[in-house]
Amino acid sequence: MSGQLYDEIGEAFEGFKNLPLARYGEVAGFLALVGDVTGRSVLDVASGTGFYSRELKRRGASRVLGVDISSAMVDAARALEESDPLGVQYDVGDVAELRAFEQPFDLAIAVQAFNYAEDVATIERMCRRIHRSLADGAELFAFVQHPDYRFDGPSLAKYGFLCESLGEETEIGPRVRITALLDPPISFVANPPGREVYEKCLRAAGFSDVTWVPLEISAAGVREFGEEFWEDFTSNPALTMLRCRA
């Protein structure tokens, strides 16, 4: 399902990163969490159009492989690589069936990678395949929907997004509709995992030191819009981050 869903979005996905919450929250916060990648190899699961794959290669990563289930996303990523060659490789593939690699990676990143799994068992399988791909002691950094987000809070529209409950709970967590307020808007249905699902699946896969890291708005974002503008997000964050160790 997620492959078809994103096939319809393709290159438009790049526009997400210019929306206020993505630009001044997600991108700045997630890159700060990942930190220095100089000389390190990176596995980017659910890599989309390769935004973070490219960014980490520019920041000195030695080898970067992006894997995404959507062939349209990978086509868009490869087109961007062709127009501005950085040496990033991309594969079409399901993270739950991720192939074995001869050389383990020094770190992995997963941005909204688990929102479309069919069940908890699939999420655990994804975590196991990622763990198998990493060197001992390597870290996985994940950017995720906040499991404690209150859907009855103020709208996120001024930040460029909507996140609405569809009123259906699954074993994974609540089904939600996420809308990026682009022109035209892009909407998709997701099933973000709950806190316990993440923690249990990661630990079952062999990860340790599972740590939740709050997403903070960058200083540039505060300068651009002022602190008051961001209060609806900081009081009820829709997004957060995770780090853990293989």
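A residue is called partly exposed when its relative accessible area lies between the cut-off for buried, under 20%, and that for exposed, over 50%. In the predicted model described here, Ala-46 falls into this middle class, because its relative accessible area is 23%. Ala-46 is placed in the loop that runs between strand β1 (41-45) and helix α3 (51-58).

A second residue other than glycine with a positive phi is Gln-112, for which the angle is near 50°. Gln-112 likewise belongs to a loop, here the one between β4 (105-111) and α5 (120-132), but with a relative accessible area of 18% Gln-112 is buried. A further backbone feature is the cis peptide bond that joins Asp-183 and Pro-184, with omega at about 0°. Of these two residues, Pro-184 is found in the loop between β7 (174-180) and β8 (186-190).

Helix α6, which comprises residues 195-204, contains the buried residues Val-197, Tyr-198, Cys-201 and Leu-202. These residues lie on the same side of α6, because they cover an arc of only 115° around the axis. Glu-196 and Lys-200, by contrast, are exposed and are found on the other side of the helix. The buried residues of α6 are covered by elements that include helix α5 and the strands β5 (134-145), β9 (208-214) and β10 (239-245). Just after the end of α6, Gly-206 adopts a positive phi of about 110°.

The cysteines were examined next. A disulfide is a covalent bond between the sulfur atoms of two cysteines. A search of the whole structure for such bonds finds 0 disulfides. For Cys-127, the closest cysteine sulfur is that of Cys-201, at 5.5 Å, which is too far for a bond, because a disulfide requires the two sulfur atoms to be within 2.5 Å. Cys-244 is also in no disulfide, and its nearest cysteine sulfur, which belongs to Cys-127, is 7.6 Å away. Both Cys-127, with a relative accessible area of 1%, and Cys-244, with a value of 2%, are buried. Cys-201, the partner closest to Cys-127 by sulfur position, is itself one of the buried residues of helix α6.

Conventions: Residues numbered from 1 in each chain as written. Predicted model: local features only at pLDDT ≥ 70, side-chain atom pairs only at ≥ 80, totals over all residues. Heavy atoms only, no water. Helix = DSSP H or I, 4+ residues; strand = E, 2+ residues; numbered from the N terminus. Buried < 20%, exposed > 50% of the residue type's maximum accessible area, 1.4 Å probe, protein only. Arc of directions from axis to C-beta. Contact = heavy atoms within 4.5 Å.
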